[in-house]
Amino acid sequence: MKSTVELTKTVKAKPSRNGLNYFVKTFGCQMNEHDSERIAGLFEYDGMQKASSVDEADVLFVNTCTIRENADDKLYGTLGQLKKWKGERPKRKLLVGGCAAQKDKELVRQRAPWVDVVIGTHNLTNIVNLLNQTEDWGPITEVIEEIQSLPTDAPSIRESEVSAWLTIQIGCNNSCTFCIVPSVRGPEISRRPSDIVNEAKAMVASGVKEITLLGQNVNSYGRDLKINGSSKPYFTELLTELNEVEDLKRIRFTSPHPKDFKEHTLQAVNELSKVSKQIHMPLQSGSNKILRNMQRGYTQEKYMEKLYLAKETIADVSLTTDIIVGFPGETDKDFEETLKVIREGKFDAVYMFKFSPRPGTKANYMKDDFVEKAIIDSRFMELKHLQTEISHQRYKRFIGTQQDLLIEKYSKKTDEFLSGKIDGGQTTHISSETVQIGDYIKVKITDATPFALTAVPV
Ligand code: SAH
Ligand code: SF4
Ligand code: F3S
């Protein structure tokens, strides 16, 4: 880390916005969701309170994603709609941050001149200062290339009372040829283990029962830290330390990288009572040619070795993966290799994406080999059908079994049901008559779809 801005300097500057309402609209991954909790924390520290909707807000922060082209399209659509919102009350402030702002600061300004503040991913903790400045000086853009302060230094207002994100590492040192993340999130920086454990303890003291450790490549956690010359396996050690945190019920983590997954980590997942028996192992493609061109650092064979090691080491492990369909040069034969791994792997869930060329990435220059859209669409559907069937089989294995369920929120469709996750990460619905948010209870699984389970209290 280059330098850390003191929180007090960042947020105690004038003026306090007592009585104003803020809203944070988030696109993208868990990192962004967690950053949004930090932004909410900084806004509340400044005296604002959360609005119930965008319409009620005086200050709106749009936290953007740019992982695929449709994320960019969605952003400019949203900013277009917000012109009217801003026009209704000129004193309103529209702030745009996150990965797309980091990548395209000028474009955001050009396409939406009504935006007051454009802020990058590296200086999030400066947001209240920028808000102050825009009141005096008008529109402002502050996007910097190097991290100024870890967002983890800021207070945070969580969406969930019982389940919390905990950043252990930011940025990424890999160079997957399709991926824009390293260019918008910078190089890998690990937080110190003592900071992480202290944050976990503080979370538990405020009622949190489950934490999810966040990083782009969690099993390389700590490589950049000098911890008393120790050569210990840091990520495994961190899990072991967190497992000791009193009253914490469950620990999850995402995302590990298959090439860096170590046997001792798998053993720790099996042995540590609080670590959930769930592993996300992003494959991307089953074809060795494509994996090489993606610069993923493993072959299908090496991946399968780790996958089977995970299945052997961790009793009844739940596995999930990511697949990109239609990477440049992907032939029917290459795609068949992906289907083969999916058939053999028996994942609980597969997150599927259609390849999207991103500016500045190597794959963006493979234009001669781009796969036709119609072919990508049909491969995507084929994969989806295959996995839906497999997911359903996998989910059905729980019917009749007893599981530990942490109840997190009301289910999206009806107040009659609450939902949460069992240890393996499967979303589970339960009648709200007998249980409440925050309960960590034994349940019996009564039904399964390919995407969720239903349970009754035992
Ligand atoms: N660090 C994580 C991935 C973060 S991005 C990891 O390595 O697992 C989440 C997922 O988005 C990736 O796993 C990949 O499947 C998908 N993705 C990333 N860039 C993409 C692109 N250009 N087109 C399509 N999918 C992409
Ligand atoms: Fe992107 Fe690869 Fe880093 Fe994941 S590991 S964030 S896919 S570059
Ligand atoms: Fe996440 Fe999207 Fe940025 S996936 S890291 S919010 S580009």
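Predicted model: local features only at pLDDT ≥ 70, side-chain atom pairs only at ≥ 80, totals over all residues.

Biologist: Which residues are the closest to ligand 1?

Modeller: A residue is near a molecule if one of its heavy atoms lies within 4 Å of it. For ligand 1 there are 15 such residues, and the closest are Phe178, Gln216, Gln284, Asp322 and Ser356. By class, this shell has six nonpolar, four polar and five charged residues. Here Ala, Val, Leu, Ile, Met, Phe, Trp, Tyr, Cys and Pro count as nonpolar, Asp, Glu, Lys and Arg as charged, and the others, Gly among them, as polar.

Biologist: What polar contacts does ligand 1 have?

Modeller: A polar contact is a pair of N or O atoms within 3.5 Å; within protein, one must be able to donate a hydrogen and the other to accept it, and residues adjacent in sequence count only if both atoms are side-chain atoms. One oxygen atom of ligand 1 is 2.6 Å from a side-chain N or O atom of Asp322, and an oxygen atom of the ligand is 3.2 Å from such an atom in Arg68. A nitrogen atom of ligand 1 is 2.8 Å from a polar backbone atom of Ser356. Alone, ligand 1 exposes 540 Å², of which the protein buries 89% (Shrake-Rupley method, 1.4 Å probe; for residues, only the protein chains shown count as cover).

Biologist: Why does ligand 1 lie between domain 2 and domain 3?

Modeller: Because domain 2 (158–276) and domain 3 (278–397) both give residues to its shell; domain bounds come from an automatic or database domain assignment.

Biologist: Which residues surround ligand 3?

Modeller: Cys29, Asn32, Cys65, Thr66, Ile67, Cys99, Arg185 and Gln216 surround ligand 3. Among the residues around ligand 2 are Cys172, Cys176, Cys179 and, again, Gln216.

Biologist: How is empty space found?

Modeller: Rolling a probe the size of a water molecule over the atoms shows where empty space is left. On a 1 Å grid over the protein atoms alone, a cavity is a set of points where a 1.4 Å probe fits but cannot get out, and lining residues have an atom within 4 Å of a point. Grid points are joined across faces, edges and corners, and a volume is the space filled by probe spheres set on the points. The whole structure has one cavity of 30 Å³ or more, and the largest cavity has a volume of about 160 Å³. Of its 15 lining residues, Met31, Asp35, Pro151, Ile170 and Arg185 lie nearest its centre. Domain 1 (21–142) and domain 2 (158–276) both contribute to the lining, so the cavity lies between them.

Biologist: What of the backbone?

Modeller: Thr254 and Ser255 are joined by a cis peptide bond, with omega about -10°. Gln295, a residue other than glycine, has a positive phi near 55°.

Methods:
Residues numbered from 1 in each chain as written. Chains lettered and ligands numbered in written order. Heavy atoms only, no water. 1 Å grid on protein atoms, 1.4 Å probe; cavity = no way out; pocket = protein on both sides within 12 Å on 5 of 7 lines; lining within 4 Å.
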